[in-house]
Amino acid sequence: MILVTGATGNAGKAVVGALAETGAPVRALVRRQSDLPAELATGDLNDPASVAAALEGVRGVFLLSGYDNMAATLAEIAKAGVERVVLLSASAAETGNPANAVSRYHIESEAMVRESGVAWTILRPRTFFANTFRWLDQLRAGDVVKDAFPDVRVAAIDPLDIGAVAATAFLTDGHEGQVYPLTGPQSLLPADRVRLLGEALGRDLTFVGLPDEEARAQMSAAMPQMYVDAFFDFFAEGNLDESPVLPTVEQVTGTPPRPFAEWAAGNAAAFRRTDA
């Protein structure tokens, strides 16, 4: 039995699906009733006791970074005799900069997993294709997308490939103590993703890069300031480079990562204009 926390999120849902496809028994930790191909257990990652209640018979746990009382949760995991933790971290951990709020919680989470006494595998994916959904309102209203950091290339990844790597780490040998940086097959600018999404939609879309001042104001209205500062540290100041394309997904799973165009085609319906 594999327990997947964060099972309704982009990565967690992909892990559940990848495990279920193999026939492996999967238990999904959820806060509310959900439609997943898994046994459901109600709980909250911020509550170690609720995680502990879901650990009976579990030999592997897919864990997310940055939750409260993570050391206590890992102590419960170790106490239950779990054999492997696969941690969803991020490329932000590679900066090694605890002054950056995003880097800090990934760095701290990785350290706690390493010190837990349970065998571990750490995944460090780059930006998710699914982050493109933040353009939904703009694309439902028109054909122009405005976004921050227009000159930043990212080798973004399909969450399905993260799920495939996690499932492989649970079900096959040789992944203990490994840190896997995960990318998609292309390094794309925001304008490239808008163009490819337009091709999938059959629309002529235009990308407009926001000046940093305007981007900061928009982001400040949507998230805490420490995270706004973190993303500007990464992408405006250039302290995180997610542009290199890495072979890790294919090395681990035997299958190349999915291109953005495939993801765009599969999710095109979500971006249809409301007046179409």
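## Strands and helices

Helices (H or I, at least four residues) and strands (E, at least two) are DSSP runs, numbered from the N terminus. Two strands count as paired if DSSP finds at least two bridges between them. By that naming, this protein has 11 helices and nine strands.

A quick word on the source: this is a predicted model, where local features need pLDDT of at least 70, side-chain atom pairs count only at pLDDT 80 or more, and totals for chains, interfaces and linings use all residues. Residues are numbered from 1 along each chain as its sequence is written, and side-chain values use heavy atoms, with hydrogens and water left out.

## Overall shape

How big is the protein's C-alpha trace along its principal axes? It spans about 55 × 40 × 35 Å. The radius of gyration (taken over C-alpha atoms) is 19 Å, which agrees with the value near 19 Å for a compact globule of 276 residues, using the rule of 2.2 Å times the number of residues to the power 0.38.

Of those 276 residues, 49% are buried, meaning under 20% relative accessible area with a 1.4 Å probe, protein chains only.

## A closer look at β5

Take strand β5, residues 84-88: five of its five residues are buried. In a regular strand, side chains alternate between the two faces of the sheet. Here both faces are covered, with Arg84, Val86 and Leu88 buried on one side and Val85 and Leu87 buried on the other.

Which strand is joined to β5 by five bridges? That's β4 (residues 60-64), and the two run parallel. Valine 61 stands opposite valine 85 in β5.

How values were computed. Buried means under 20% relative accessible area, exposed over 50%, partly exposed in between (1.4 Å probe, protein chains only).
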